[in-house]
Amino acid sequence: MLQANPFQHRICHVFSTSEDGDDSMSFEDFLDMLSVFSDSATSDIKSHYAFRIFDFDDDGTLDRKDLEKLVNCLTGQGEESRLSGAEMEQLIQNILEESDIDKDGTINMSEFQHVVSRSPDFASSFKIVL
C-alpha cells in the first residue's frame, strides 16, 4: 500500500508516534492510519490528515515550497513529467488564488478544509493518494 506511494515518508511521519524521530509505525499507528483512510472516516478527518501530509515542513501552513513539493509528488519526479518553472509558478498562483482566503500567501488548515468542503470528490480521491 505505501511502498509505491509518493507520500509514503510523509504518511509515516504524520502517523508515527515513535519518540525516536525515525517515523517508524507501531501496530496502533498503522490502525490509526487505516481508520483515517477508511470509507467511514469523515471528510473533516480526511482533510485534517491530508493537510498534515501535504505540510512538508510541519509549520502549520501550506506555502509555496509545500505546494511545489506536493505538485512534484503528484506529477512524478522524472524529467519528462516535471513542470517547467513557469508552469509550476502559474499552477501555484492558481492554487493560492483559489484557496488563500486571507491573502497571506499560504493556505492554513481552515482554508484547506474550506476548499475540500467544496469538492465532493475529495474523500474518494484521497483514497487514491494511499
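1. K103. In this predicted model, K103 counts as exposed because its relative accessibility is 57%, and a residue is called exposed when that value is over 50%. K103 lies in the loop between helix 5 and strand 2, the latter covering residues 107-108. Its backbone deserves a remark: the phi angle of K103 is near 55 degrees, a positive value in a residue that is not glycine. Most residues other than glycine have a negative phi.

2. D58. A positive phi is also found at D58, again near 55 degrees and again in a residue other than glycine. D58 belongs to the loop between helix 3 and strand 1. Is D58 buried, exposed or partly exposed? With a relative accessibility of 44%, D58 counts as partly exposed, because the class lies between the limits of 20% and 50%.

3. The chain as a whole. How many helices and strands are there in the protein chain? The chain has seven helices and two strands. Along the sequence, these elements follow the order α-α-α-β-α-α-β-α-α. Of the 130 residues, 34% count as buried. The accessible surface of the chain comes to about 7700 Å², and carbon and sulfur atoms account for 54% of that surface. Among contacts with a separation of 6 or more, 50% are made by residues 24 or more positions apart.

4. Helix 1 and helix 3. Two packed helices are described by the angle between their axes and the distance between the axes. Helix 1, residues 8-15, packs with helix 3, residues 43-54, at an angle of about 115 degrees, and the two axes are 9 Å apart. The crossing of helix 1 and helix 3 is right-handed. Which residues make the contact? Helix 1 contributes R10, I11, V14 and F15, while helix 3 contributes Y49, R52 and I53.

5. The structure contains three salt bridges. Side chains of opposite charge can pair when their charged atoms come close. In one of the three, the side chains of D58 and R10 meet at 2.9 Å, N to O. This pair joins distant parts of the chain, for D58 is in the loop between helix 3 and strand 1 (61-62), R10 is in helix 1, and the two are 48 residues apart.

6. R52. This residue lies in helix 3, and R52 is one of the residues through which that helix touches helix 1. Apart from its neighbours within four places in sequence, R52 is in contact with R10, V14 and D58. Two of these names, D58 and R10, are the partners of the salt bridge described in the previous point. R52 is itself partly exposed, with a relative accessible area of 32%. Its C-alpha atom is separated by 9.2 Å from that of L62, which is ten residues away along the chain.

7. The salt bridge between R64 and E89. The side chains of R64 and E89 meet at 2.8 Å, N to O. Where in the chain are R64 and E89? R64 is in helix 4, residues 64-75, and E89 is in helix 5, residues 85-99, so that this pair links parts of the chain 25 residues apart. Both partners are partly exposed: R64 has a relative accessibility of 34%, and E89 has one of 40%.

8. The salt bridge between R118 and E98. Here the side chains of R118 and E98 meet at 3.0 Å, N to O. E98 is in helix 5, while R118 is in the loop between helix 6 (109-117) and helix 7 (122-129), 20 residues apart. R118 is partly exposed, with a relative accessible area of 45%.

9. The nonpolar patch. Which residues form a nonpolar patch on the surface? F27, F30, L31 and L34 do, and together they have about 370 Å² of accessible area. One of them, L31, is found in helix 2, which covers residues 27-36. L31 counts as partly exposed because its relative accessibility is 41%.

Note on methods:
Residues numbered from 1 in each chain as written. Predicted model: local features only at pLDDT ≥ 70, side-chain atom pairs only at ≥ 80, totals over all residues. Heavy atoms only, no water. Patch = residues over 30% accessible without salt bridge, like charges linked within 9 Å, V, L, I, M, F, W, Y side chains within 5 Å. Areas by Shrake-Rupley, 256 points an atom, 1.4 Å probe, with all protein chains shown as cover. Salt bridge = Lys/Arg side-chain N within 4 Å of Asp/Glu carboxyl O. Helix = DSSP H or I, 4+ residues; strand = E, 2+ residues; numbered from the N terminus. Buried < 20%, exposed > 50% of the residue type's maximum accessible area, 1.4 Å probe, protein only. Axes fitted to C-alpha atoms, helices over the stretch in contact; angles between N-to-C directions. Left-handed = near helix turned anticlockwise from the far one by under 90°. Contact = heavy atoms within 4.5 Å.
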